[in-house]
Amino acid sequence: MADVPIGGVTLEKDSVTFFEDLYRKYYEKLFRLAKGIVKSDAVAEELVDETYVILLTQINKIRSHPNQLGWLHKVLTKLALNELRKQQRHGEIPLDAVSEIGEEQSMVSFNDALPNGLKSEEKNILKLKYQDQLSCTEIAHHLGISHELSRTRLHRAKKHCAQLMEQERKKRGI
């Protein structure tokens, strides 16, 4: 049977079919679970994507697991709770909130709501994600880069944005 490379992992053809079946069968359920925990479409999508990446690395283990949905559920729940803890620990402001603020105050553009100091590449990827509401896959296609690279750039841009927003908040004494 021929091997097929997927996301940096090489799988046998029947494993690819198995993965695709699980993806189609459970993606929506897992997305709803994640959104219920983190209250954000964008973060929920990233967490479900990360769950499926973990699945790729454990494909043989889950193939024989008696409750495949339960396994995916547990992995996703742990990822989502870790994300919530991280946000609480670092006092992160979800960038979805910045996008919603921009919608409420229509005189302020999305780019104007972002802190000074972001590179144009960072502003662009944040705009694609939060204003244009593109998925990481769509961003990758739009920028002509891999899905993994789009996730990495988005993560770094969000982190840099949060740092700059925190610095701004400290300057203002908020």
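Predicted model: local features only at pLDDT ≥ 70, side-chain atom pairs only at ≥ 80, totals over all residues.
Some ground rules come with it: local features need pLDDT of at least 70, side-chain atom pairs count only at pLDDT 80 or more, and totals for chains, interfaces and linings use all residues. Residues are numbered from 1 along each chain as its sequence is written, and side-chain values use heavy atoms, with hydrogens and water left out.

**Exercise 1.** Find how many helices and strands the protein chain has, and their pattern along the sequence.

*Solution.* Start with the count: there are nine helices and two strands (DSSP runs, H or I of at least four residues for helices and E of at least two for strands, numbered from the N terminus). Now read along the sequence, and you get β-β-α-α-α-α-α-α-α-α-α.

**Exercise 2.** Describe how H1 and H2 pack.

*Solution.* First, take the angle and distance: helix H1 (residues 13-38) and helix H2 (residues 41-57) pack at about 140 degrees, with axes 8 Å apart. Axes here are lines fitted to C-alpha atoms, for helices over the stretch in contact, and angles run from 0 to 180 degrees between N-to-C directions. H1 and H2 are therefore oblique to each other (under 35 degrees is roughly parallel, over 145 roughly antiparallel, 65 to 115 roughly perpendicular, and the rest oblique). Finally, among the residues that meet are Phe19 and Leu22 in H1 and Leu55 and Leu56 in H2.

**Exercise 3.** Do likewise for H7 and H8, and say which residues make the contact.

*Solution.* Helix H7 (residues 120-131) and helix H8 (residues 136-143) pack at about 135 degrees, their axes 10 Å apart. H7 and H8 are therefore oblique too. On the H7 side the contact uses Asn124, Ile125, Leu128 and Lys129; on the H8 side, Cys136, Ile139, His142 and Leu143.

**Exercise 4.** Pick out the buried residues of H7.

*Solution.* Buried means under 20% relative accessible area, exposed over 50%, partly exposed in between (1.4 Å probe, protein chains only). In H7, that gives Glu122, Ile125, Leu126, Leu128, Lys129 and Tyr130. Just past H7, Gln133 has a positive phi of about 55 degrees.

Key. Contact = heavy atoms within 4.5 Å.
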